[in-house]
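Subject: Structure for you to look at

Hello,

Here is the structure I said I would pass on. Please look through it first, then read the notes below.

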Amino acid sequence: MPHTVEWKVRLHLLEDDEGTTTARVVLDTGAAALTGHGSAHCHPADTNVPEIGDELAAGRAMSNLAQQLLNAAERDIAGAGASRQDIEGAGASRQAAGWPL
């Protein structure tokens with residue numbers, strides 16, 4: 001059963017005058033949209049390197065989005081008939097539900 005889809009991801013970065021970089025990553029699946037958020041702040045004693053703030057904020061936003069996707073998958077697995085015990089009992093591999101994560 002082949003399945004191919006394309007999801008679009010947009011990453012927005014903004015650095016303010018005080019050295020805080022915020023990131024917002026939007027995932028559009030065509031049927032739904034999820035938004036992840038992250039931020040990074042340059043310590044006053046550190047050299048301001050905008051690329052580092054961008055990397056940290058973007059990484060944190062993507063990590064936030066990844067957790068949202070995993071949570072949605074667990075809800076969908078449960079909705080497909082797997083009990084909460086099956087999901088929790090499967091541990092990190094989620095083998096009992098049939099979808100290794």
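**Surface and overall make-up**

The accessible surface of the protein chain comes to about 7,200 Å², and 54% of that surface belongs to carbon and sulfur atoms. Accessible areas come from the Shrake-Rupley method with a 1.4 Å probe, and for residues only the protein chains shown count as cover.

Before going on, note that this is a predicted model, in which local features need pLDDT of at least 70, side-chain atom pairs count only at pLDDT 80 or more, and totals for chains, interfaces and linings use all residues. Residues are numbered from 1 along each chain as its sequence is written, and side-chain values use heavy atoms, with hydrogens and water left out.

The protein chain has 101 residues, and 22% of them count as buried. Buried means under 20% relative accessible area, exposed means over 50%, and partly exposed lies in between (1.4 Å probe, protein chains only). There are two helices and three strands in the chain, and along the sequence they follow the pattern β-β-β-α-α. Helices (H or I, at least four residues) and strands (E, at least two) are DSSP runs, numbered from the N terminus. Among contacts between residues at least 6 apart in sequence, 30% join residues at least 24 apart; contact means heavy atoms within 4.5 Å.

**The sheet**

In what order do the strands of the open sheet lie? The order is β1-β2-β3, with antiparallel pairing. β1 and β3 are the edge strands, each pairing on one side only. From one strand to the next, the twist averages 15°. Two strands pair if DSSP finds at least two bridges between them.

Strand β1 (8–15) is joined to β2 (residues 20–28) by eight bridges, and the two run antiparallel. One of the residues involved is Leu-13, whose bridge partner in β2 is Ala-23.

Asp-28 has Ala-33 as its bridge partner in β3, and Arg-24 has His-37. Thr-22 stands opposite Ser-39 in β3. The hairpin of β2 and β3 likewise has four residues between the strands, and there Gly-30 takes a positive phi near 95°.

**The helix across the sheet**

Helix α1 (residues 50–79) lies across β1, β2 and β3. α1 runs at about 145° to β3, where axes are lines fitted to C-alpha atoms (for helices over the stretch in contact) and angles run from 0 to 180 degrees between N-to-C directions.

Leaving aside neighbours within four places in sequence, Thr-21 is in contact with residues including Leu-13, Ser-39, Gly-53 and Ala-57.

Gln-67 lies in helix α1 and is partly exposed, with a relative accessible area of 43%. Gln-67 and Gly-36 are 31 residues apart along the chain, and their C-alpha atoms are separated by 9.0 Å.

**Charges and a nonpolar patch**

Side chains of opposite charge can pair when their charged atoms come close. How many salt bridges does a search of the whole structure find? The search finds one. A salt bridge is a side-chain nitrogen of Lys or Arg within 4 Å of a carboxyl oxygen of Asp or Glu. Here Lys-8 pairs with Glu-6, and the closest N and O atoms are 3.0 Å apart. Lys-8 counts as partly exposed, at 49% relative accessibility, whereas Glu-6 is exposed, with a relative accessible area of 60%.

Trp-7 is found in the segment before β1 and counts as partly exposed, at 44% relative accessibility. Together with Val-5 and Leu-69, Trp-7 makes a nonpolar surface patch of about 280 Å². Patches are made of residues with over 30% relative accessible area and no salt bridge; like charges are joined within 9 Å, and nonpolar side chains (Val, Leu, Ile, Met, Phe, Trp, Tyr) within 5 Å.

Regards
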